[in-house]
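Visitor: Could we go through this one together, beginning with the ligand and then moving on to the charged pairs?
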Amino acid sequence: MVQNIDSILQENRLFPPTADFANSASINAAKLQALYQQAEEHHEGFWAELARSELAWKKPFNKTLNSDHAPHYRWFEDGKLNVSYNCIDRHLPDKADKTAIIFEGEQGDTRHISYAELHQETCRFANALKAQGIASGDRVVIYMPMVPEAIIAMQACARIGAIHSVVFGGFSAEALKDRIDDASAKLLITADGGHRGGKIVELKAAADKALESCGDSLQTVIVLKRTAHDVTMKAGRDIWWTDATQGLSDECEPVWVDAEHPLFLLYTSGSTGKPKGIVHSSAGYLLGTIVTMKWVFDHRADDIFWCTADVGWITGHSYVAYGPLAVGGTIMVYEGAPTVPDTGRFWQLCETHKVTVFYTAPTAIRALMKSGDEVPNRYDLSSIRLLGTVGEPINPEAWMWYHMVIGKTRCPIVDTWWQTETGANMIAPVPGVVATKPGSCTRALPGMALDVVDEEGNPITTPNKGGLLVVRKPWPSMLRGVWGDEARYIEAYWGMFNNRYYVAGDSARRDEDGYFWIMGRIDDVLNVSGHRLGTMEVESALVAHPAVVEAAVVGRPDEIKGEAILAYVVLKGARPEGGKDATLTQELRSWVGEQIGAIAKPSDIRYADNLPKTRSGKIMRRLLRTIASGEEITQDTSTLENETILLQLQGKE
Ligand code: PRX
């Protein structure tokens, strides 16, 4: 499993914050030191104090952490609050007119929504959900384009205690159906369509298809008119957003929920074919997003904060829909592709809306870097003061480009390591204090007990020796479970070390300065453009095609995407000449797109008579990975049942 985790990357450049940034940052070295010390000395007390100072409680909590049923941890469990109240209402006394959301569509349409307006719209939509019979604890699926109403829908669910499950608009009807059924959702919020790359994303059509074969839990579909193209509305089931909210009050008393009340489910890939519904709590989750907005993003009242992630991913939950609003910030939201009308779009948006904090994925940076310096150089990026990255390790070349060309060497870069399961940033530099190194997410944040251990669970103290990334202590924004699958929660995250540590599924090393370097996944999970995809999910999709008998999927290093998907496929019929068949490959790629979504389409498919297997029938993926990356095979292949297949897979036959 974790043999040979040795580090190859050696990056020694160190970038301390500029004096300007350090002097104006809200966390200075002394403050950070004090936070670490408090957290170290009294983990629970540290978090309790933050929960009291950062959250508005309806009923204060007395019990900080309940570990009686570990690894099911409960934080602040006897307190009551409402997340939407914390994100909106509590800012109204002094920030009612402050802009909460700046929106720009791909076609250039813009909107500014103040906190007062966000409050009205959220309340009105919450009343609409109630009018459709939605109550606290009910599941609501959101399948929306990246428009303010997606955030309003999430906030409205939170307001009435409904548990939302946002499904990324790029996922297929099939994926949507699975998620609706797994959560037994009662209501779906979607749109007629969205805009992306000059085309309409057919959300309503996909929703209709999903609903054809869904179970009968789902009763109602609320449809936002965004593109205004023709869609079918099913009588008795579908209702337009405007009709659903017509005549309803713009006041809605929040439902005060227990701190542990689930705020949302978000499905993410794991080592099996079925995505897991990660469950997050209300209070603990929100606290994680708030403290990291302050520590990592150095939140200031006049910031224009732009996290480019879609609300369909955890980043779009924590750093678009919740965290920045909970601290009373102004967010930028863009619906569309970064390449429309050209690759300068992100920079134009930064210039037009005076973005101060810009947070994106390494894959986007690499793609934009490719179009050269002159594109960003056309824009005034002087409003930007802080840059962030998330989703995968950033290669030093892209880091340097981000630093020089976008940040003009002035802006710190916060490389933030975290996961859907962790709810908020866990390892990241505090930008006014911690010197950064290109490619490292630096240090764990206060109160986040990360470590690198060996396969026996012993902490690795030798610098640069790789091991497993684990969390030694519970933290408030941690996942609370896998929806409807207790066994999987234990097995996937806690089983390896008998509930002692949370196992992140990443390998990592720490260097001489104690900085963390993430080295990759230890399971069969790919990271394609910063998005997690299970190899098994793609394989299940492939073998569901009538022409396919067997499939194995591996990642291959890719300049832009980080990892590209390569599939080895055994067909029912004969192997095509030379192991390639462009027409069938096209068909299979579209097929996978329909089963999961466009991001899961293999970049390439190779056809083989057979796959390399051990005598017990297990596919040797490590071997396939080696072949996929074009490296020489150094592994022992003597246990292979069909050693000769290697030549064919390598294209030597
Ligand atoms: O492998 C790590 C990688 O992304 C995984 C989490 O994926 P997901 O739950 O989809 O969330 C992505 C956004 C938070 C991790 O297990 N990852 C995330 N951030 C980084 C990273 N790898 C290296 N450096 C990062 N900053």
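Guide: What follows is a short talk about the ligand site and the salt bridges of this predicted model.

Visitor: Which residues come nearest to the ligand?
Guide: Of the 17 residues around the ligand, the nearest are Asp-415, Thr-416, Thr-420, Asp-506 and Arg-532. By class, the shell divides into six nonpolar, six polar and five charged residues, and α12 (314-326), β20 (413-416) and β25 (516-521) each supply at least two of its residues.

Visitor: What lies 2.7 Å from an oxygen atom of the ligand?
Guide: That is a polar side-chain atom of Arg-532. On the backbone side, an N or O atom of Gly-391 lies 3.1 Å from a nitrogen atom of the ligand, and a polar backbone atom of Glu-392 is 3.4 Å from a ligand nitrogen.

Visitor: And how much of the ligand's accessible area does the protein cover?
Guide: The protein covers 95% of the 540 Å² that the ligand has on its own.

Visitor: Changing topic, how many salt bridges are there?
Guide: The count comes to 32 salt bridges. One of them joins the side chains of Glu-54 and Lys-294, with N to O at 2.7 Å; this pair links helix α3 (residues 43-54) to helix α11 (residues 283-295), across 240 residues.

Visitor: Is Glu-54 buried or exposed?
Guide: Glu-54 counts as buried because its relative accessibility is 14%, under the 20% cut-off, whereas Lys-294 is partly exposed at 32%.

Visitor: What about Arg-385 and Asp-303?
Guide: Both Arg-385 and Asp-303 are buried, and their side chains meet in a salt bridge of 2.9 Å, N to O.

Conventions
Residues are numbered from 1 along each chain as its sequence is written. This is a predicted model: local features need pLDDT of at least 70, side-chain atom pairs count only at pLDDT 80 or more; totals for chains, interfaces and linings use all residues. Side-chain values use heavy atoms; hydrogens and water are left out. A residue is near a molecule or strand if one of its heavy atoms lies within 4 Å of it. A polar contact is a pair of N or O atoms within 3.5 Å; within protein, one must be able to donate a hydrogen and the other to accept it, and residues adjacent in sequence count only if both atoms are side-chain atoms. Accessible areas come from the Shrake-Rupley method with a 1.4 Å probe; for residues, only the protein chains shown count as cover. Helices (H or I, at least four residues) and strands (E, at least two) are DSSP runs, numbered from the N terminus. Ala, Val, Leu, Ile, Met, Phe, Trp, Tyr, Cys and Pro count as nonpolar, Asp, Glu, Lys and Arg as charged, and the others, Gly among them, as polar. A salt bridge is a side-chain nitrogen of Lys or Arg within 4 Å of a carboxyl oxygen of Asp or Glu. Buried means under 20% relative accessible area, exposed over 50%, partly exposed in between (1.4 Å probe, protein chains only).
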